[in-house]
Amino acid sequence: MAFDPNKRPDDMARITTKELADRFIEEQVNAVRAQVGNKKVLLALSGGVDSSVVAALLIKAIGKQLICVHVNHGLMRKGESEQVIEVFGKALDANLVYVDATDRFLDLLAGVSDPESKRKIIGKEFIEVFADEARKLEGVEFLAQGTIYPDILESVKQAEGKKAVKSHHNVGGLPEDLKFELVEPVKLLFKDEVRVVGEALGLPHAMVYRQPFPGPGLGVRCLGAITRERLAALREADAILREEFDNFGLAGKVWQYFVVVPDIKSVGVKDDSRYEGWPAILRAVNTKDAMTATIEEIPYEVLHKVTARITAEVEGINRVLYDITPKPTGTIEWE
C-alpha cells in the first residue's frame with residue numbers, strides 16, 4: 001500500500017484484516033524511524049483508542065524514545081487511569097509519566113456551573129499540566145498525536161469556510177516555547193481501521209473498543225458545579241451501568257451508554273428514614289456520525305438490575321431515571 005502524506009488516496013485499501021493491519025504497521029514503523037531518528041517523541045496518552053494505538057505503534061518503532069504523559073484530571077471513568085498504567089507502564093514497559101492532577105483540576109472547577117466555562121477550564125488546565133511536564137524533559141523534538149482521517153476531513157471543511165462539525169486539536173494551543181514537529185502515524189485511518197490496527201498491535205480488546213468519551217470526561221456528566229462527592233457517586237454509578245451492560249451482552253450493541261448526575265436532590269427513603277439524594281440518569285444511544293442519534297431501548301430486566309444496584313451501592317443516589325430523548329432534540333451529552 002502506498003500512502004500519500006497529504007491525503008488519503010482513493011485506491012487505498014481499507015484496513016479490515018490483520019494482514020492489512022500488519023502491513024500498515026510495518027510501513028508506519030519504518031516511516032517513524034526515518035522521521036525521528038534517535039530523537040525523543042512526546043505523546044499525551046489519554047487512554048482513548050486513538051492515542052493508545054499511536055502509543056503502541058511508536059513503542060514498537062522507537063521504544064524508550066517515546067515518552068508518554070498520562071494526565072489524570074480526576075474526571076476519568078472508574079479504572080481508566082489504572083488501565084493505562086497496567087497496559088503501558090507494565091505490560092508494554094513504556095516510558096510513562098503519570099501525573100495525578102486531580103486536586104489541581106477540581107480546585108479550579110469548584111463553584112463553576114456553566115458548561116462552557118467548565119470545558120474551557122479543563123482544556124486550558126490540561127494544556128498547562130502537559131506543558132509543565134514537557135518542560136521537565138530534555139531532547140524532545142517531536143510531538144505525537146492521535147489524529148485520524150475524520151479529524152482532517154472536518155478541519156478541511158472549516159478551512160474552506162464550511163460549517164465544521166468541530167475543530168480538532170489533540171494538544172492544541174501549546175506555549176510558544178514548546179516547538180515540536182508532529183508525528184501522526186494514523187492520520188489516514190478511519191476509527192474502525194484504527195481499532196483493527198490496535199488489535200494487531202496486541203492492545204486489550206476493552207481498550208481498543210473503548211467507548212467515545214468527551215475530552216472533559218465526567219466533568220460534563222456531573223451537571224452544574226462539580227463536587228467531589230457527586231463526582232464519586234457518578235463514577236460508581238457509571239461503572240455499575242457498564243458492568244451490567246457487559247453482563248447482559250449489550251456492550252457491543254450500543255454505541256454509547258453512560259450516567260449523568262445533576263445537581264438536584266429529591267426526597268427518598270432509606271432504612272425507614274427520610275433520605276435526600278441525587279438522581280442517576282441513564283442514557284444509551286446509537287449513531288453513525290454523531291450528528292443524529294437514536295435511543296437504544298434498554299430491556300426492563302437490565303433497567304431493574306441497574307436501578308437496584310445503583311440505589312443500594314452508591315452513596316448519595318436515591319433515584320434512577322432513563323433518558324429516551326433522541327438527537328435532535330436532545331444532544332448526546334447533557335452539557
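This is a predicted model: local features need pLDDT of at least 70, side-chain atom pairs count only at pLDDT 80 or more; totals for chains, interfaces and linings use all residues.
Which helix is D238 found in? D238 belongs to helix α9, and this report starts from there. Residues are numbered from 1 along each chain as its sequence is written, and side-chain values use heavy atoms, with hydrogens and water left out.

Helices here are DSSP runs of H or I with at least four residues, strands are runs of E with at least two, and both are numbered from the N terminus. D238 is buried, at a relative accessible area of 1%. As for the wording, buried means under 20% relative accessible area, exposed means over 50%, and partly exposed is in between (1.4 Å probe, protein chains only).

What does the side chain of D238 reach? It goes to the backbone nitrogen of V259, at 3.3 Å. Setting aside neighbours within four places in sequence, D238 is in contact with R77, F258 and V259; contact means heavy atoms within 4.5 Å.

## Arginines over rings

R77, one of those contacts of D238, also lies over the face of F213, at 4.0 Å from the ring centre. F258, another of the contacts, has the charged end of R221 sitting over its ring, 4.0 Å from the centre. To count, NZ of Lys or CZ of Arg has to be within 6 Å of the ring centre and within 35 degrees of the ring normal.

## Aromatic pairs

How many aromatic pairs does a search of the whole structure find? There are three. One of them is F126 with F130, a stacked pair with 6.4 Å centre to centre and 10° between the planes. The rule is that rings of Phe, Tyr and Trp (its six-membered ring) pair if their centres lie within 6.5 Å, with planes under 30 degrees apart called stacked, over 60 edge-to-face and the rest tilted. F126 and F130 both sit in helix α5 (residues 115-135), four residues apart, or about one turn of the helix. F130 is buried, with a relative accessible area of 0%.

F245 and Y257 make another stacked pair, at 4.3 Å centre to centre and 25° between the planes. F245 lies in helix α9 (residues 228-247) and Y257 in strand β6 (residues 256-260), so this pair ties together parts that are twelve residues apart in sequence. F245 is buried at 0% relative accessible area, and Y257 counts as buried at 6%.

## The nonpolar cores

The largest nonpolar core has 50 residues, and L42, F245 and I310 have the most contacts inside it. Helix α9 gives the most to this core, with seven residues. A nonpolar core is a set of buried Ala, Val, Leu, Ile, Met, Phe, Trp, Tyr and Cys residues joined through side-chain atoms within 4.5 Å. Leaving out neighbours within four places in sequence, F245 is in contact with L250, A251, V254, Y257, A284, I298 and V302. Apart from this core lies another, of 44 residues, which includes L45, L57, V194 and M207.

## One side of helix α4

Which residues of helix α4 (residues 102-109) are buried? They are T102, F105, L106 and L109. These cover an arc of only 90° around the axis, which puts them on the same side of α4; the arc is that of the directions from the helix axis to the C-beta atoms. Their cover includes β2 (66-72), β3 (95-100), α5 and α9. Just after α4, G111 takes a positive phi of about 80°.

D271 is not a glycine, yet has a positive phi of about 55°. D272 is not a glycine either, and its phi is positive at about 65°. D271 is exposed at 69% relative accessible area, and D272 is exposed at 79%.

Then there are the cis peptide bonds. One joins K327 and P328, with omega about -15°, and one joins P328 and T329, with omega about 15°.

How values were computed
A polar contact is a pair of N or O atoms within 3.5 Å; within protein, one must be able to donate a hydrogen and the other to accept it, and residues adjacent in sequence count only if both atoms are side-chain atoms.
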